Amino acid sequence: MTDHVPTARVPLRLPGAVATFGIGIAGYLGVNLSPYMIAALQTALGADVLTASWIVTATLLATAITGLAVARLCAGPRRLAVARIGLAVAAAGFGIAAFVPAPAAVVAGLIAGGIGAGGAVASSGAALAAFINPERVAGVNGLANRAVITVILAIVPMIGLAPASVFGVLAVFSVAMLATTAWLPAAPIIGPAATGAPAASVTGVSTGSRRVTIAGLALLACFALWAVSEDSLWAMAGVMGAEQAALTPEGLGLALSGATAGGILGAILVTVVGDRFGRALPLAILLATGGVLKMIESTVTDPTAFIVVFIAWNTVYAVAFLYFVATAAALDADGRWSGPLLAVYLVGSALTPVIGAALVEALGFAGFGIVLGVASFALITPVVLVARFSRAAQAAEATDAAARRPAAPADAEEVRA
């Protein structure tokens, strides 16, 4: 078990958890508040829904592109600087959008805020790899994310969907997380960083090898495709429910809130289970189950059945997401792959309303569900191979860390004798 092997990673402690998880929430907050942001933009600019939606999409894409661009910096000593600069830019940009009423200032502020959020996403994602037991850390991270976001989503409508409240929340949260950046875990010095050459181990996997790079790139590609297939269903849920299952707005609200609760339960499950069953087997089961549920969801016509299947699907999705994060974190302790992973997800998330709508128009709801389901099944083999490899990479890292530990005091006494 990863809890009991020597490693360059550190235990999860409260300060590091607050900084890592909180900064990640700050980076993703715009995604979660996107419906409120659209409403606020309509108020601020007098824009229609389509125009406001494209502005929010541009903001999210700015976050994703920036996160991908700076992810490599977050795998080294510049992680703290990226986090601080990103959060400061996010706070300034969203603050301008909140309190400067000029339309040009609002749009420019949102784009700047999105760029800053990209630094937060990348630095937090990279920091996730610094902790022991990636599965459990991913679970706690998911639990913290869902809990905080649920509270924020409930509070914001109470204070109004005006620019000052919606964009102001984004700015204030960025400032609050800026104060925690000193607790962000640094990238550990292992393998190549310590010796200038890739670290060898008895597992046959080098912590700086080409095999790790191939596995990491394959994981990012699979995760991007999976994210598109999952978020397309989320984006089309309202339309599909209304037209296919005569789902009322109240029923849709129940489905969405139930899905959030399912995600929280899933995060608790991953936190409790940890790495007990590895990563490959859970991911295979989750991807297969998710594929089946997506196909079923596209065919059910009863509103109650639609809600039940939707909640079940979203729970499976939430658990699979956390195992993807754990796999990326396990590949490299410096966060080389977990940093860009979260940014890659945002690329798909920003584009899925358009992609989902195009697929539904071309194939109908049933065909839409089949395509999404097949995508999940097609990803099982490459994802399982990377997940299995991540265990070997993690073992190699642990072996290397053990070899670099100084001799125990007892050994030193023996030498002097």
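Entry 1. A residue counts as buried when its relative accessible area is under 20%. I looked up Glu-230 with this cut-off; at 2% relative accessibility, Glu-230 counts as buried. I note that the model is predicted.

**Entry 2. The partner of Glu-230.** I next asked which residue forms a salt bridge with Glu-230. The partner is Lys-294, and the closest N and O atoms of the pair are 2.7 Å apart. Glu-230 belongs to helix α9 (residues 210-245) and Lys-294 to helix α11, so the pair ties together parts that are 64 residues apart in sequence. Lys-294 is buried as well, at 1% relative accessibility.

**Entry 3. The other salt bridge.** I found a count of two salt bridges. Besides the pair above, Glu-135 is bridged to Arg-279, with 2.3 Å between the closest N and O atoms. This pair links distant parts of the chain, 144 residues apart: Glu-135 sits in helix α6, while Arg-279 sits in the loop between α10 (249-273) and α11 (280-297). I checked the burial of both partners. Glu-135 is buried at 0% relative accessibility, and Arg-279 is buried with a relative accessible area of 1%.

**Entry 4. The chain as a whole.** I recorded 14 helices and zero strands in the protein chain. Of its 417 residues, 54% count as buried. Among contacts with a separation of 6 or more, 85% come from residues 24 or more positions apart. The chain exposes about 16700 Å², of which carbon and sulfur atoms supply 72%.

**Entry 5. Helix α12.** I then asked how many residues of α12 are buried. The number is 22 of 29, so α12 is largely enclosed by the rest of the structure. I also compared the length of this helix, residues 303-331, with expectation: at 1.5 Å a residue it should span 42 Å, and its end C-alpha atoms are 42 Å apart, which agrees. At the start of α12, I noted a side-chain oxygen of Asp-302 that reaches to within 3.1 Å of the backbone nitrogen of Thr-304.

Entry 6. Val-151 lies in helix α6, which covers residues 134-159. Is Val-151 buried or partly exposed? With a relative accessible area of 46%, Val-151 is partly exposed.

Terms used: Residues are numbered from 1 along each chain as its sequence is written. This is a predicted model: local features need pLDDT of at least 70, side-chain atom pairs count only at pLDDT 80 or more; totals for chains, interfaces and linings use all residues. Side-chain values use heavy atoms; hydrogens and water are left out. Helices (H or I, at least four residues) and strands (E, at least two) are DSSP runs, numbered from the N terminus. Buried means under 20% relative accessible area, exposed over 50%, partly exposed in between (1.4 Å probe, protein chains only). Contact means heavy atoms within 4.5 Å. Accessible areas come from the Shrake-Rupley method with a 1.4 Å probe; for residues, only the protein chains shown count as cover. The expected span of a helix is 1.5 Å times one less than its number of residues. A polar contact is a pair of N or O atoms within 3.5 Å; within protein, one must be able to donate a hydrogen and the other to accept it, and residues adjacent in sequence count only if both atoms are side-chain atoms. A salt bridge is a side-chain nitrogen of Lys or Arg within 4 Å of a carboxyl oxygen of Asp or Glu.
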